[in-house]
Amino acid sequence: MGIQEKLESMVQNSIKVSIGENEDCRSGATRFGGQPDVPSGFSWPTYEGKGFDDVVKERPLAFLAQFDCRDLAQYDPQHLLPDHGVLAFFYELGSQPWGFDPTDQVCARVYWFEDVSALEAAGFPEELEEGYRLPMLKISLDQDRTYPSWEDFSETFPEENDYDAFAAAWEEQTGEDLEEQEGCSRLLGWPDVIQSSMYAECDLASQGYYLGDKEGWDRVPEENRKRAEETARDRWMLLFQLDTVVCGDFELMFGDCGRIYFYITKEDLKERRFDRVWLILQCG
């Protein structure tokens with residue numbers, strides 16, 4: 001099987017998420033920012049981290065986006081996501097953890113609220129800084145076919161080491177120049193990788209291994225690391241990728257023109273265990 005056939009065999013469905021324009025939505029509607037719609041008794045998630053102010057303290061997570069699952073169903077032919085309820089995504093913007101430290105576990109949270117009729121807008125915590133109370137913006141959805149990055153492709157097929165041949169095959173499949181492709185926000189599908197493949201990192205960091213430097217990776221038992229490198233791509237998948245958001249005077253950027261990626265195991269997604277997501281931040 002040649003590169004073209006291998007690449008085509010790896011195609012994955014994705015839901016492209018386009019963000020822009022101010023929005024005033026009904027309760028439970030798909031949207032970016034604003035006040036999240038939550039059930040009664042909801043406890044706003046927090047994370048103890050060192051922020052840009054160099055102070056370590058308990059920080060409320062910022063509300064990023066929510067999706068009415070009924071809106072997603074028509075773009076999800078494999079029925080991977082719930083077909084009812086609301087998925088809500090949170091992340092701690094004051095410290096922007098990268099996800100290589102096991103203590104980053106609660107820096108990002110995903111909630112599935114099944115009963116939309118029981119939701120109401122949550123008030124922002126007093127401790128949540130004004131800059132992290134994101135404006136309410138419209139989200140448009142569309143179906144998309146995604147192909148792996150060179151990083152994920154070459155780890156899947158280690159015998160393939162011709163980047164130029166891969167780039168040519170990728171361009172033929174997508175109609176885009178691999179070097180000039182622009183990332184986007186998406187649900188499901190392949191991630192737009194900036195640095196390196198993230199599956200093994202999610203697997204090992206979620207097991208308690210610190211991976212912030214070479215010494216950390218070297219401390220992982222060889223058997224555990226090998227298992228992660230060989231099987232994590234089969235067990236983990238992208239749930240939500242959020243790129244830089246720009247609308248008028250508003251801009252939300254992760255690191256230096258980076259992205260955040262919410263990963264989940266296929267088993268946890270099937271069982272709707274969204275409390276087990278793992279977040280990775282990558283930037284140039």
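Mentor: A salt bridge here is a side-chain nitrogen of Lys or Arg within 4 Å of a carboxyl oxygen of Asp or Glu. This is a predicted model, in which local features need pLDDT of at least 70 and side-chain atom pairs count only at pLDDT 80 or more, while totals for chains, interfaces and linings use all residues. Residues are numbered from 1 along each chain as its sequence is written, and side-chain values use heavy atoms, leaving out hydrogens and water.

Trainee: Which residues are linked with Asp268 in a network of salt bridges?
Mentor: Arg276 forms a salt bridge with Asp268, with 3.5 Å between the closest N and O atoms. Arg276 is partly exposed at a relative accessible area of 45%, whereas Asp268 is buried at 7% (buried is under 20%, exposed over 50%, partly exposed in between; 1.4 Å probe, protein chains only). The network links Asp268 with Glu267, Arg273 and Arg276.

Trainee: How many salt bridges does a search of the whole structure find?
Mentor: One of them joins the side chains of Asp68 and Arg70, at 2.8 Å from N to O. Asp68 is buried, with 0% relative accessibility. The search of the whole structure gives a count of 15.

Trainee: How many residues apart in sequence are the parts that Asp243 and Arg259 tie together?
Mentor: Asp243 and Arg259 form a salt bridge with the closest N and O atoms 3.3 Å apart. Asp243 is in the loop between strand E12 (236–242) and strand E13 (245–247), and Arg259 is in strand E15, so the parts tied together are separated in sequence by 16 residues.

Trainee: Is strand E16 mostly covered or mostly open, and how many of its residues are buried?
Mentor: Strands (E, at least two residues) and helices (H or I, at least four) are DSSP runs numbered from the N terminus. In a regular strand the side chains alternate between the two faces of the sheet. In E16, Trp278, Ile280 and Gln282 are buried on one side, and Leu279 and Leu281 on the other. E16 (278–282) is mostly covered, with a buried count of 5 of 5.

Trainee: Which residue of E16 is the bridge partner of Tyr261?
Mentor: Two strands pair if DSSP finds at least two bridges between them. E15 (259–265) and E16 are antiparallel, with 5 bridges. The partner of Tyr261 in E16 is Ile280.

Trainee: In the hairpin of E4 and E5, which residue takes a positive phi?
Mentor: E4 (46–50) and E5 (56–60) run antiparallel and are joined by 5 bridges. Glu48 in this pairing is opposite Glu58 in E5. The hairpin has 5 residues between the strands, and the positive phi, near 70°, belongs to Asp54.

Trainee: What is the phi of Arg272 near?
Mentor: Arg272 is in the loop between helix H8 (266–270) and E16. Arg272 is partly exposed, at 26% relative accessibility. Though Arg272 is a residue other than glycine, its phi is positive, near 60°.

Trainee: What is the relative accessible area of His79?
Mentor: His79 sits in the loop between helix H2 (69–72) and strand E7 (86–91). His79 is not a glycine, yet has a positive phi of about 55°. His79 is exposed, with a relative accessible area of 62%.
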